[in-house]
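Morning, everyone. Please have a look at the model on the screen, and I'll walk you through a few spots.

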Amino acid sequence: MNERRVIVVGGGAAGIFAAIACAEASPGARVTVLEQSARLLGKVRISGGGRCNVTNACDDPSQLSEFYPRGGSALLGPFHRFRSGDTIRWFQNRGVALKTEPDGRVFPGTDSSGTIVDCLLRAARDAGVRLLTGCRVAGAARTEDGFELTMGLGRTLPAERLLLATGGCRGPGAGGLAVQLGHSLLPPVPSLFSFHIAAAWLRALAGISLGEVELSAPSLSLRQRGPVLLTHEGLSGPAVLRLSAWGARAMRESGYRFPLRVNWAADRSPEQWDALFGASRAAHPARRIANTPLPPLPARLWEALVSESGVAREIRWAELSATRRRRLIQSLRATELEVTGKSLNQDEFVTCGGVPLREVDFRGMESRLTPGLHLAGELLDIDGVTGGFNFQAAWTTGWLAGNAMAAALRQAGAG
C-alpha cells in the first residue's frame, strides 16, 4: 500500500474527533470520513435542544467515570489521558467560547450547536481530512494490507487502519460492520427515558417541577435524587433519566412496569415535617390543611398529596389527628406510584448495548480480536447520564483512537 490510508466510518462526534486527531498527529496520512447520511454531526446539531451540551465541568477522572452506568471502569484510564478539561481547552484553543452552568453542564457561549459543528468541520478540513456524506458501507473485510470496504455498485476502498464510529446499535443492521470483522454485539436497550404513570391525579399536575426529589424502585434496588418534572404522561427530569440509565436493562426485563416510590422533598426529614405541621397548627389552627401549602412543595402538588393521604379538604390544622399526621408525612416522603411504560428522551436517544468492552483495548481503542481495527463512541457498550457525559465519552474514545492510529502509521512508516 503506497499511501497510508485511514478510513473512519461514521461522521458523528467520535468519528470526526478521531479523524482530526489522527490527521493532526500524522500529517502524511490520508484520513477519510464516510458518513451514510446527508449531513455530518447530526446528533451534535440537535443535542440539548440545539444548544449542544459539549461536556461536563467535572474534571476528576474518578468522579467523571461514576456518571456512566455502563463503561465507567473502562473509561477511568482513558479519562486520565483526555478528560473534560481537555475537551474544554480543545474547543477554546480553536476560538470557541464556552460557558458552564450551575449544574456543571458546559455549552457554547452562543447557545448554538452550530458553533460546535462549524468548529469541528473547520478543524477537520484544516487538518486535511476528507469528509464524504451519502456513503453507505455495505461490507468490510480484513486483507493482508489492512482492510477493504465494499461500497455501492461494487466499489471497494482500501484502508491501512479502520475506525468504526457508527453510533448506537438501535436500528436493524447497525453494528453489522463490527460483526463482519469478528466482534459480537450486546442487544440495544434504551437508556434515558421518562416514566409513564397512569395516576390521573399526577397527570393533572403536568408542568410542575421540583428541585430535589428522591426516587426509588425497591424491586429493582435503584435510587436517585435530583430535579423532577411532572408531565401529561407521568414523570421526567434529571432524576428520572438517571434512574432509567442505571436501571436500563432491569427495567427492560420488567416490561417497564414496576413500583416507584417518591420522596417529594428529599432534604426534609420526618421530624422536620412534624415540626412544620406543629408550627402551622399553632399559627393557623382554623385554616384548611389543603389550602396551606408548606415549602418547598407547590400549592397544587401539596393539595393533591393531602387528598391522596386521606385528609379531607375541609380538615383544618387544629383537627389533624396523630394518625392523619403520620399518613400525610408518609405520603410526602413515600408516595407509591406504578410505572406502566416509558417515553424516550428525544434530545439524547441514548442506548446501552453494542460491542462488549472486553473486546476492545482502551489504551488506543483497538480491537482485541482484529488488529488494525479501532472502535469509538456509542458503538461500544458505554452510556452516560445526562449532563454532557455521553459526548465526553465520544471525545475521549475518538481522541484515543485517532492518536493510536496515527502512532501505528508512524511506526509502520519507520519500519
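Let's start with T110. T110 sits in the loop between β5 (105-108) and α6 (113-126). Those labels are DSSP runs, numbered from the N terminus: helices are H or I with at least four residues, strands are E with at least two. The T110 side chain makes a polar contact with the side chain of T115, at 2.5 Å. A polar contact is a pair of N or O atoms within 3.5 Å; within protein, one must be able to donate a hydrogen and the other to accept it, and residues adjacent in sequence count only if both atoms are side-chain atoms. Now take R5, 105 residues away from T110 along the chain: the two C-alpha atoms are separated by 36 Å.

A quick word on the ground rules. This is a predicted model, where local features need pLDDT of at least 70 and side-chain atom pairs count only at pLDDT 80 or more, while totals for chains, interfaces and linings use all residues. Residues are numbered from 1 along each chain as its sequence is written, and side-chain values use heavy atoms, with hydrogens and water left out.

Next, T55. Is T55 buried or exposed? T55 counts as buried, because its relative accessibility is 0%. Buried means under 20% relative accessible area, exposed over 50%, partly exposed in between, with a 1.4 Å probe and protein chains only. T55 is in strand β3 (residues 55-56). Its side chain makes a polar contact with the side chain of S84, at 3.4 Å.

Now the cores. A nonpolar core is a set of buried Ala, Val, Leu, Ile, Met, Phe, Trp, Tyr and Cys residues joined through side-chain atoms within 4.5 Å. The largest one has 84 residues, and F91 and L120 touch the most other members. Helix α14 (residues 389-414) gives the largest share of this core, ten residues. Another core lies apart from it, with 49 residues, including L235 and W317.

Last stop, the barrel. Six strands form a closed barrel, in the order β12-β15-β14-β13-β16-β17, with antiparallel pairing. Two strands pair if DSSP finds at least two bridges between them. Strands of a sheet pair through backbone hydrogen bonds, either parallel or antiparallel. How many bridges join β13 to β16? Three, and these strands run antiparallel.
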